[in-house]
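I note what I looked up, in order.

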Amino acid sequence: MANFTETINRRSTRSVKWDRLKEVYGVEDGSDILPMWVADMDFAAPEPVIRAMKERLDHPVFGYSYICDGCKKAVADWMLDRYGWKVEYDWMQFEHGVVPAIAAFVETFSDKGDNILITSPVYPPFFTVPALQERNVIQNLLLETDGVYSVDFDSFAQAIDENEIKLFILCNPHNPGGIAWSREDLRKIAKICATKDVIVFADEIHADLMLEGKKHIPMAVASEGTGVKLVTSVAPTKTFNLAGVQAALMITEDPDLRKRLEHNAMAHGHSNLNAFAAAALTAAYEEGGPWLEELIAVIEDNMKLVIDTIPAAVPGVKVRMPDATYLLWIDYRGTGLSEEEVMDRLLNKGKLALEPGTKYSEAGRGFLRMNVAAPKSTVQEGVDRFIRAFQD
Ligand SMILES: Cc1ncc(COP(=O)(O)O)c(C=O)c1O
C-alpha cells in the first residue's frame with residue numbers, strides 16, 4: 001500500500017512549488033505560505049519507480065544509453081490496456097517533456113508569422129511557446145456554463161477559415177477545466193481539422209488522471225478514419241509525480257509527420273531520455289497501475305472535501321468535480337472581487353498560493369486553480385486558509 005497520508009517536507013529540495021514562492025508570487029517571504037499551485041503532487045512516487053531508479057543508480061557507469069524496446073513495450077501496453085489504442089514502437093519519439101514536444105511540433109510544422117489555434121482558457125505554454133517562436137496565437141474561446149467548458153464548433157471552424165490556421169493544439173483532458181472531451185467532440189474537432197488541413201497536437205498528459213469512473217478517449221482513437229494529421233504527446237510524469245525526472249513522448253502514426261519530427265529532433269541534437277528517466281518511465285507504466293488506482297481515490301476524496309466546504313463557507317464561490325486531473329477550477333465571480341483583491345487576500349491573509357485564472361489567458365478571469373494532490377491534512381489546511389482569506 002502506498003502512503004498518501006504522510007506529510008513530506010519538500011522545502012529546500014529545489015522544489016518549484018515550495019521553494020520558488022518569492023520569485024513567482026512576489027511575496028517577501030514564502031516560508032509561511034502553503035503552495036497549492038503548480039501541478040505536481042506532494043506524494044512520494046510509486047515504490048517500483050523509485051526501486052528502478054535506485055537499481056540504475058547502483059550501476060556506477062552513466063555512459064550513453066538508449067531507449068530499449070522494453071521501454072517502448074511498457075508504453076505500448078499501457079496505451080492498449082487502458083485506452084484500446086494500438087501504438088507501434090516506431091510511432092514513438094521521446095522528449096524531455098510535453099512542453100518541449102509542443103515546441104518541437106510548432107517549430108516543425110509552421111513558420112514564423114503562421115497562425116496557430118488554441119481553445120482558451122488553457123495551460124499557458126499553449127500560447128507562450130508559439131508566441132516565443134514568433135507564431136500568432138489565435139484563441140477560440142471555450143463556452144462556459146457553471147464551470148463546464150465546451151467547444152463552440154461553429155466559431156472554431158470559422159477561426160480556422162478566417163485565420164488560415166496551420167496547427168491546432170488540443171488539451172485532452174483539459175487543463176484547467178478538467179474536462180474529458182467526449183468521443184463525439186474529439187471526432188468533430190478531427191473532422192474539421194482534417195477538412196481544413198490543420199495538423200493537430202493532442203496534449204494528453206492528464207489522460208491517466210480520470211475521476212469517478214470517467215474514461216479517457218485518446219484523440220488518436222476518436223479520430224480514426226477521419227484522415228486528420230495528428231501528433232499526440234503523453235507522459236508518465238503527471239500521473240506518477242515524476243515532473244522533475246522529465247520524460248515524455250510524441251506518438252505519430254503518420255510516417256511523413258514522424259520523419260519531419262525526427263529531422264527537427266536531429267537538428268537540435270536530441271530525442272533521447274536520460275538513463276534515469278527511461279528507467280522511471282518503464283517502471284511507472286509496467287508497475288504503477290495499483291498505485292494510480294489508490295491515488296485516484298485520494299484525489300476524489302480531497303476534491304470532495306473542498307467542494308463540500310469552501311462554497312458553503314464563502315458566499316459567491318463555486319466549484320465542481322472535474323472529470324479528470326487533480327486540479328480544481330474555482331469560480332469566485334460571485335464574490336464581486338477582482339483578481340488582484342483575491343490574490344492579495346489569499347497570499348497575505350490566508351497565506352495560500354493558488355494560481356490566478358488569467359494565467360490561463362484572459363478567458364480564465366474569475367477563476368482560481370487549486371492543486372489537491374497532497375495529503376488530506378494539507379488539503380484541509382488549504383481549505384481553512386482559503387476560508388480565512390475571504391473573511392472580512
Ligand atoms: C496540459 C499540460 N501539458 C504539459 C504539462 C507539462 O509537461 P512537461 O512537464 O512534460 O513539459 C502540464 C503541466 O502541468 C500540463 O498541464
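Arginine 14 counts as exposed because it has 9 C-beta neighbours inside 10 Å. The cut-offs are 20 or more other C-beta atoms within 10 Å for buried, 12 or fewer for exposed, and partly exposed in between, with C-beta atoms placed from the backbone. I also took its C-alpha separation from glycine 244, 230 residues apart along the chain, as 9.9 Å.

For the record, this is a predicted model, in which local features need pLDDT of at least 70, side-chain atom pairs count only at pLDDT 80 or more, and totals for chains, interfaces and linings use all residues. Residues are numbered from 1 along each chain as its sequence is written.

Next I turned to helix 11, residues 275–287. Its buried residues include Ala277, Leu281 and Tyr285. Helix 3 (47–58) and helix 4 (69–83) are among what covers them, contact meaning C-beta atoms, placed from the backbone, within 7 Å.

I then checked how helix 4 meets helix 11. Their axes come within 8 Å and cross at roughly 35°; axes are lines fitted to C-alpha atoms, for helices over the stretch in contact, with angles from 0 to 180 degrees between N-to-C directions. On the helix 4 side the contact is made by Gly70, Cys71, Ala74, Val75 and Trp78, and on the helix 11 side by Ala278, Leu281, Thr282, Tyr285 and Glu286.

Conventions. Helices (H or I, at least four residues) and strands (E, at least two) are DSSP runs, numbered from the N terminus. Two residues are in contact if their C-beta atoms, placed from the backbone, lie within 7 Å.
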